[in-house]
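Thanks, everyone, for making the time this morning.

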Amino acid sequence: MAISVDEAVSTGPARDHTPPARRFGGRGRAVLEVALLAVLAVVMLFPVLWMIETSIKENRDVYAIPAKFFGFKVTLDHFKDVFVASGGGRSALSAAFLNSVVVAGVSTALATVLGVPAAWAYSRFSVKAKKDQLFFILSTRFMPPVVVVIPIFLMYRQVGLIDNKLGLILIYTAFNVPFTIWMMKGFVDEVPAEYEDAAMLDGYTRLQAFWRFTLPLLLPGIAATAVFALIFSWNEFVFAIFLTSSDSVRTAPPAIAGLIGGTTVDWGLVAAASIVFALPVLVFAYLVRKHLVAGVTLGAVRR
Amino acid sequence: MAGIEVTALHKRYPDGTVAVEQVDLSIADGELFVMLGPSGCGKTTTLRAIAGLERQTTGDIHIGETLVNDLPPAERDIAMVFQFYALYPHLRTRDNLAFPLRAEGLPKAEVQERVDEAARLMRLGPLLDRRPHRLSGGEQQRVALARALVRRPRAFLMDEPLTNLDAELRADMRTEIKHLQGELGTTMVYVTHDQVEAMSLGHRIAILNKGRVEQIGTPLEVYDRPASLFCAAFIGSPPMNLIEVEVADGKLRAQSGLVLTPPPNLPRDRRLVAGVRPEALEVTEPGAEGSVPARVVSAEWLGDEIIYVVDHDGRRDVRVRMPPTVRFAADAPVGLRHSGGPPPVYDVSTEELVA
Ligand SMILES: Nc1ncnc2c1ncn2[C@@H]1O[C@H](COP(=O)(O)OP(=O)(O)O)[C@@H](O)[C@H]1O
Ligand SMILES: [Mg+2]
């Protein structure tokens with residue numbers, strides 16, 4: 001998950017900031033650099049390119065040997081298959097996408113609603129052993145999902161949350177809250193507490209002061225944080241495959257993985273489904289980049 | 001309008017820092033009261049406790065007749081101006097000013113009238129439709145002041161409001177604040193670490209050190225008779241010369257033989273230090289009557305005066321303020337003479353004023 005975000009975030013600026021050849025000395029070096037980067041780009045981007053090609057090839061061309069890079073017939077049938085079942089009606093995949101939207105959306109909203117006020121509290125108030133608490137909160141993210149999935153599975157079985165969207169929503173929220181608190185605390189620290197002080201002297205309660213003055217200034221930060229949380233929930237695979245089984249609950253990552261493994265694999269459908277799945281992430285990652293760069297305060301405060 | 005009474009204020013932050021050890025203040029109605037002290041001495045904490053933004057650990061605060069210990073900031077009817085102006089960045093000047101009034105639920109016409117009045121007082125006319133980021137530092141601070149005015153609060157609290165301005169603007173704003181306070185007659189508590197600001201603004205000054213009040217007095221009292229060695233070293237630029245003295249035959253004598261006019265009621269058998277203002281000393285020709293030998297270490301030519309640093313008694317930091325007509329070269333042998341009235345005298349061990 002993290003890798004895809006980082007790439008999406010960094011490609012743009014990295015290209016813009018390619019240093020002038022002069023700085024490194026010699027034209028030869030510059031040429032070498034460009035060549036190496038080009039090779040790297042091809043290696044990295046080829047699978048993506050191939051996925052896009054496969055998604056718009058007719059089945060005949062998908063399985064053609066030797067493989068066809070060019071000159072195949074373009075079709076959008078695979079994309080139609082992603083959403084429409086073969087007998088008409090909605091496909092299982094489209095249900096999975098809808099599940100992903102619900103699970104990722106609700107868990108992100110929950111994490112934001114819980115995490116932003118917590119971050120505000122950690123930023124503004126003196127709390128006993130604040131650093132230890134914050135470290136503890138972060139430490140819940142140290143373990144990779146695959147380590148905790150078995151105990152979670154056993155617990156969920158007891159309380160009937162297996163194969164249940166609520167189960168996924170809860171676990172994703174639990175993973176996103178620490179992240180939200182940490183990231184948002186940075187943004188809250190940036191907003192001077194004097195706004196709230198001034199508002200309280202003006203007749204507002206502390207909560208009103210937060211709601212009316214600090215929160216609006218936090219919106220870009222909240223957007224950026226929520227997008228990261230959304231990407232985590234959207235891409236999450238391990239919990240999803242362990243904790244869900246039925247088509248009506250399953251999210252897109254295990255559903256797409258489930259397309260592979262029968263006697264025949266419909267690669268065109270896999271490719272098309274993957275593209276449909278990846279697109280929102282790319283769009284959001286692009287938004288994150290914009291917000292992360294933007295300052296939070298609007299320059300009214302001089303420190 | 002109202003006076004402010006702070007009794008035995010003590011503030012300990014949850015992390016254990018004691019920001020205010022013990023502070024007692026009695027601020028009269030309509031007074032411009034300055035709290036002066038070095039950074040970290042607890043000025044902001046005291047002010048925030050008065051505002052209700054910080055709850056004191058122990059002690060009482062009265063505003064007017066009301067005990068406000070348990071009142072939230074909004075119900076204390078005071079306005080505060082912060083070092084960081086805290087103008088709402090998304091609001092135009094006009095709305096920044098109107099904001100506290102709308103919060104009170106005043107009728108529109110009244111809001112308009114008060115905003116116009118404050119804008120006139122602080123000369124904000126052309127700035128009314130700008131947002132904070134399009135205002136200079138000085139303009140932002142004027143808006144912040146106006147924002148405090150519109151509420152017509154019972155008292156103003158100012159926390160180093162001029163620190164972020166450049167020197168010239170600071171002097172202008174100082175005059176403006178003093179004038180405004182006089183005009184409105186509203187009680188003002190003004191916090192600063194700048195002694196010049198404190199001296200020029202305050203009706204009375206409280207000097208704070210390490211969470212305690214060292215002295216409260218008018219600027220003149222504070223200047224003439226600092227209550228402790230700390231105050232003596234803090235007030236005045238350059239500050240007092242602290243010269244070790246002994247009492248001998250009814251005279252106050254430094255080791256070098258420099259004779260000072262003795263104050264009455266000097267205690268005996270204690271180690272004493274006299275606080276001698278630079279203007280109470282004179283650099284003379286060597287051997288002049290009543291002078292002791294000294295040597296010029298350096299001279300600062302300030303145009304309207306010269307500050308001589310002279311070597312006296314092996315200490316190379318005695319400062320003397322002289323008119324610009326009296327000139328001695330660096331390293332020149334000179335005489336040093338006391339020319340003022342009796343200096344304040346301090347006990348070395350208690351660091352307090354004894355005579
Ligand atoms: N919220 C806080 N928590 C812990 N210590 C604090 C807090 N605010 C201030 N302090 C400490 O209290 C002391 C006094 O601070 P302050 O009142 O801001 O001093 P001043 O305004 O005179 O510079 C300082 O040592 C400061 O570090
Ligand atoms: Mg302060």
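This is a predicted model: local features need pLDDT of at least 70, side-chain atom pairs count only at pLDDT 80 or more; totals for chains, interfaces and linings use all residues.

Turning to individual polar distances, an oxygen atom of ligand 1 sits 2.5 Å from an N or O atom in the side chain of B:Thr44, while for B:Lys43 it is a polar backbone atom that lies 2.9 Å from an oxygen atom of the ligand. On the nitrogen side, a nitrogen atom of ligand 1 is found 3.4 Å from an N or O atom in the side chain of B:Tyr13. As for how much of ligand 1 is covered, the ligand taken alone exposes 560 Å², and the protein buries 65% of that.

Next, the domains, and I will stay with chain B for the moment. Chain B is divided into domain 1, covering 4–233, and domain 2, covering 238–347, and the C-alpha centres of these two domains of chain B are 39 Å apart. Their contact draws on 10 residues of domain 1 of chain B and 8 residues of domain 2 of chain B. Between them, the two domains of chain B bury about 750 Å², with 58% of it on carbon and sulfur atoms. Which three residues supply more than any others of the area that domain 1 of chain B buries against domain 2 of chain B? They are B:Tyr223, B:Leu229 and B:Ala232, which supply 61% of that area.

Chain A is also divided, here into domain 1 (20–83) and domain 2 (92–296), and the C-alpha centres of the two domains of chain A lie 32 Å apart. In this case the contact takes 12 residues from domain 1 of chain A and 14 residues from domain 2 of chain A. The area buried between the two domains of chain A is about 1100 Å², and carbon and sulfur atoms give 77% of it. Within domain 1 of chain A, the residues that lose the most area to domain 2 of chain A are A:Met51, A:Val82 and A:Phe83, together accounting for 46% of what that side buries.

Now to the interface between the chains, where 27 residues of chain B are in contact with 21 residues of chain A. The area buried between chain B and chain A comes to about 2300 Å², of which 63% is given by carbon and sulfur atoms. On the chain B side, B:Phe84, B:Tyr88 and B:Pro89 supply 25% of the area buried against chain A, more than any other three residues.

Finally, the backbone. Most residues other than glycine have a negative phi, and most peptide bonds are trans. Against that background, B:Ser237 and B:Pro238 are joined by a cis peptide bond, with omega at about -5 degrees, and B:Pro238 is placed in the loop between helix 8 (229–234) and strand 11 (241–248) of chain B. B:Arg152, for its part, has a positive phi, near 50 degrees, and belongs to the loop between helix 4 (137–150) and strand 7 (155–159) of chain B.

Note on methods
Residues are numbered from 1 along each chain as its sequence is written. Chains are lettered from A and ligands numbered from 1 in the order in which they are written. Side-chain values use heavy atoms; hydrogens and water are left out. A polar contact is a pair of N or O atoms within 3.5 Å; within protein, one must be able to donate a hydrogen and the other to accept it, and residues adjacent in sequence count only if both atoms are side-chain atoms. Accessible areas come from the Shrake-Rupley method with a 1.4 Å probe; for residues, only the protein chains shown count as cover. Domain bounds come from an automatic or database domain assignment. Contact means heavy atoms within 4.5 Å. Buried area is the accessible area (1.4 Å probe) that two parts lose on being put together, summed over both. Helices (H or I, at least four residues) and strands (E, at least two) are DSSP runs, numbered from the N terminus.
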